[in-house]
Amino acid sequence: MLAFHCLASYTTLALPTTEGIRRLFIHHGHLYSREELKDWLTKGTIVISGHTHVTVMEEEAGLFYFNPGSISLPKCSDGNTCGILEVKNESVKMSLYTIEGKLIRESVF
């Protein structure tokens with residue numbers, strides 16, 4: 001739990017790559033549906049959420065979805081997990097790890 005209040009429902013970051021700018025849209029995951037995001041965000045945006053505590057790493061309608069699961073309250077068969085997002089040149093790599101540090105899966109977009 002956070003020791004401070006988060007007042008915004010989302011935040012965005014611009015990630016510089018050699019191909020231009022990649023947008024990162026970060027939200028809790030309970031306010032915006034995929035349908036809303038598909039109509040609102042530009043293709044190539046990486047959407048990070050965590051509300052469900054279920055791991056997700058997939059592309060749909062030009063958006064890339066990443067939910068790293070949960071370190072303390074997992075709700076999927078992957079168990080206690082965390083994620084790392086790396087920007088390297090023109091690509092973005094999403095990696096999903098067990099809490100012990102074992103790589104479960106990764107994707108490059």
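Which element supplies the largest share of the lining of the second largest pocket?

1. The model under review is predicted. In it, strand E5 gives the largest share of the lining of the second largest pocket, namely three residues. Helix H1 (34–40) and strand E5 (63–67) each contribute at least two residues to that lining.

2. The second largest pocket has a volume of about 200 Å³. Its lining is made up of 15 residues, and those nearest the centre are His27, Gly29, Arg34, Ser49 and Tyr65. Sorted by class, the lining of the second largest pocket holds eight polar, six nonpolar and one charged residues.

3. The sheet is open and has five strands, ordered E1-E2-E3-E5-E4, with mixed pairing. Strand E1 (10–17) and strand E4 (56–60) are at the edges; each has a single partner strand, so one side of each lacks a neighbour in the sheet. On average, neighbouring strands of this sheet are turned by 20° against each other, with direction ignored.

4. Within the sheet, strand E2 (residues 20–27) and strand E3 (residues 46–48) run parallel and are joined by three bridges. Ile26 stands opposite Ile48 of E3.

5. Side chains of opposite charge can pair when their charged atoms come close. Six salt bridges are found in a search of the whole structure. One of them joins the side chains of Glu58 and Arg34, at 2.7 Å from N to O. This pair connects distant parts of the chain, with Glu58 in strand E4 and Arg34 in helix H1, 24 residues apart. Arg34, Glu58 and Glu60 are linked in a network of salt bridges. Glu58 counts as partly exposed because its relative accessibility is 35%, and Arg34 is partly exposed at 26%.

6. Lys38 is partly exposed, with 35% relative accessibility, and Glu35 is partly exposed with a relative accessible area of 47%.

7. Glu86 and Lys93 also form a salt bridge through their side chains, at 3.5 Å from N to O. Are these two residues buried or partly exposed? Glu86 has a relative accessible area of 25% and is partly exposed; Lys93, with 23%, is partly exposed. The cut-off that applies here is that buried means under 20%.

Methods: Residues numbered from 1 in each chain as written. Predicted model: local features only at pLDDT ≥ 70, side-chain atom pairs only at ≥ 80, totals over all residues. Heavy atoms only, no water. Pairing = 2+ DSSP bridges. Helix = DSSP H or I, 4+ residues; strand = E, 2+ residues; numbered from the N terminus. Axes fitted to C-alpha atoms, helices over the stretch in contact; angles between N-to-C directions. 1 Å grid on protein atoms, 1.4 Å probe; cavity = no way out; pocket = protein on both sides within 12 Å on 5 of 7 lines; lining within 4 Å. Points joined across faces, edges and corners; volume = space filled by probe spheres on them. Nonpolar A, V, L, I, M, F, W, Y, C, P; charged D, E, K, R; others polar. Salt bridge = Lys/Arg side-chain N within 4 Å of Asp/Glu carboxyl O. Buried < 20%, exposed > 50% of the residue type's maximum accessible area, 1.4 Å probe, protein only.
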